[in-house]
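Dear colleague,

Here is the structure I promised to hand over. My notes on it follow below.

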Amino acid sequence: MQEHVEFHDVSLKIGRDTILEDINLTLEGGKTYGLLGRNGAGKTSLLSLLAAFRPASTGAIRLNGEKIFENPSAMQQICFSYDKDYSEETEKVKSLLKNLEFYRSHFDHEYADRLVERFNLPLNKAVSKLSTGMQSAFNVTIGLASRCPVTIFDESYLGMDAPTRDIFYQEILREQSEHPRIFILSTHLVSEMDHLFDDVIMIQNGRAVLHDDYETLMTKAFYVTGDGDAVERFSKPYRVLDRQQLGGTTSALIYTDAVDTPQKEAHEQGLDVHHVTLQDLFIHLTKEVTQDANS
Ligand SMILES: Nc1ncnc2c1ncn2[C@@H]1O[C@H](COP(=O)(O)OP(=O)(O)OP(=O)(O)O)[C@@H](O)[C@H]1O
């Protein structure tokens with residue numbers, strides 16, 4: 001069966017603060033989701049609800065139609081890899097990995113061994129004695145080898161050097177093709193990880209302000225550059241996320257939900273059209289929403 005997760009009208013309130021509001025999302029098996037949001041947007045809060053660490057204040061989260069919270073069989077299907085504090089952990093890498101087979105029904109020991117080798121993890125060292133980057137690699141090893149149908153990595157790259165992150169990215173791609181599941185990658189390294197995403201979800205001020213498939217999303221935004229008046233005329237009907245002027249030349253970042261994106265039309269009007277990166281789009285979309293929220 002193809003896994004699916006549904007957030008239905010989910011909110012989270014802590015004390016008087018509304019942390020998450022009106023979250024409605026559907027996630028499907030075989031897809032890798034990039035979860036993006038500024039600091040404090042609510043990414044970890046959202047993921048901790050999905051991992052059933054806490055109940056939602058309203059609404060429901062379901063895995064394959066079953067509520068997740070306090071449901072042991074649903075919780076068994078979800079792995080949450082985050083920047084865990086191992087300072088009190090006296091167990092060695094080897095024994096902690098061995099113990100996992102009792103908790104994680106899908107855990108693949110051979111795969112864990114391969115990852116230990118790839119990440120160069122010292123099996124006989126206490127986990128608390130691993131460097132920051134090695135602890136991240138250890139977390140990632142558990143997340144990948146547990147082969148949970150829903151696997152969440154919340155900023156799991158912390159402290160990892162570039163070659164180690166590259167191994168992690170290769171493994172995500174290989175696992176998704178050989179053992180398809182729902183991967184959720186919460187990250188600030190947008191430009192480095194965007195090639196992994198099938199879908200992009202953006203959280204802003206506790207709301208899911210965008211959920212789109214990566215390819216579609218990247219056709220919705222583009223830069224037009226040219227004579228200032230011509231750019232103004234062209235961009236009038238569209239949402240302009242950013243505008244830069246240099247002498248008589250203007251460059252505008254257009255974002256549109258139009259099914260037929262108007263890039264051809266821009267060309268016909270003598271304007272240059274350039275692609276936007278996901279990182280740029282993220283910066284300008286979240287900047288715009290923040291300004292709106294404050295206005
Ligand atoms: N236990 C808590 N009590 C009160 N407020 C909290 C608690 N945990 C989180 N928050 C608040 O909820 C909001 C969202 O925090 P969250 O950690 O989910 O954001 P995030 O998007 O993961 O941020 P970052 O990218 O900085 O890790 C923040 O305003 C934070 O201060």
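Predicted model: local features only at pLDDT ≥ 70, side-chain atom pairs only at ≥ 80, totals over all residues.

Residues are numbered from 1 along each chain as its sequence is written.

β6 (residues 78–81) and β7 run parallel, joined by four bridges. Strands here are DSSP runs of E, at least two residues; helices are runs of H or I, at least four; both are numbered from the N terminus. Two strands pair if DSSP finds at least two bridges between them. β7 also pairs with β8 (residues 182–186), in the parallel sense, over five bridges. There, Asp-154 has Ser-186 as its bridge partner.

β7 (residues 150–154) is largely enclosed by the rest of the structure, because five of its five residues are buried. Buried means 20 or more other C-beta atoms within 10 Å of the residue's own; exposed means 12 or fewer; partly exposed lies in between; C-beta atoms are placed from the backbone. Val-150, Ile-152 and Asp-154 point one way, Thr-151 and Phe-153 the other. In a regular strand the side chains alternate between the two faces of the sheet.

β7, helix α6 (residues 162–178) and β8 form a right-handed β-α-β unit. Right-handed means that, with the strands pointing away from the viewer, the path from the first strand over the helix to the second runs clockwise.

Next, the open sheet. Four strands lie in the order β2-β1-β4-β5, with antiparallel pairing. β2 and β5 (66–67) are at the edges with a single partner strand each, so one side of each has no neighbour in the sheet. Eight bridges link β1 (residues 4–14) to β2. Leu-12 faces Leu-20 of β2 across that pairing.

On to the ligand. The residues around the ligand include Asp-17, Gly-42, Lys-43 and Thr-44; a residue counts if its C-beta atom, placed from the backbone, lies within 6 Å. β2 (17–28) and α1 (43–50) each supply at least two residues of this shell. α1 gives the most, with three.

Last, α9 (residues 228–235). Val-231, Phe-234 and Ser-235 are buried there. They cover an arc of only 85° around the axis, so they lie on the same side of α9; the arc is that of the directions from the helix axis to the C-beta atoms. Asp-229 and Arg-233 are exposed on the face turned away from the buried side.

Best regards
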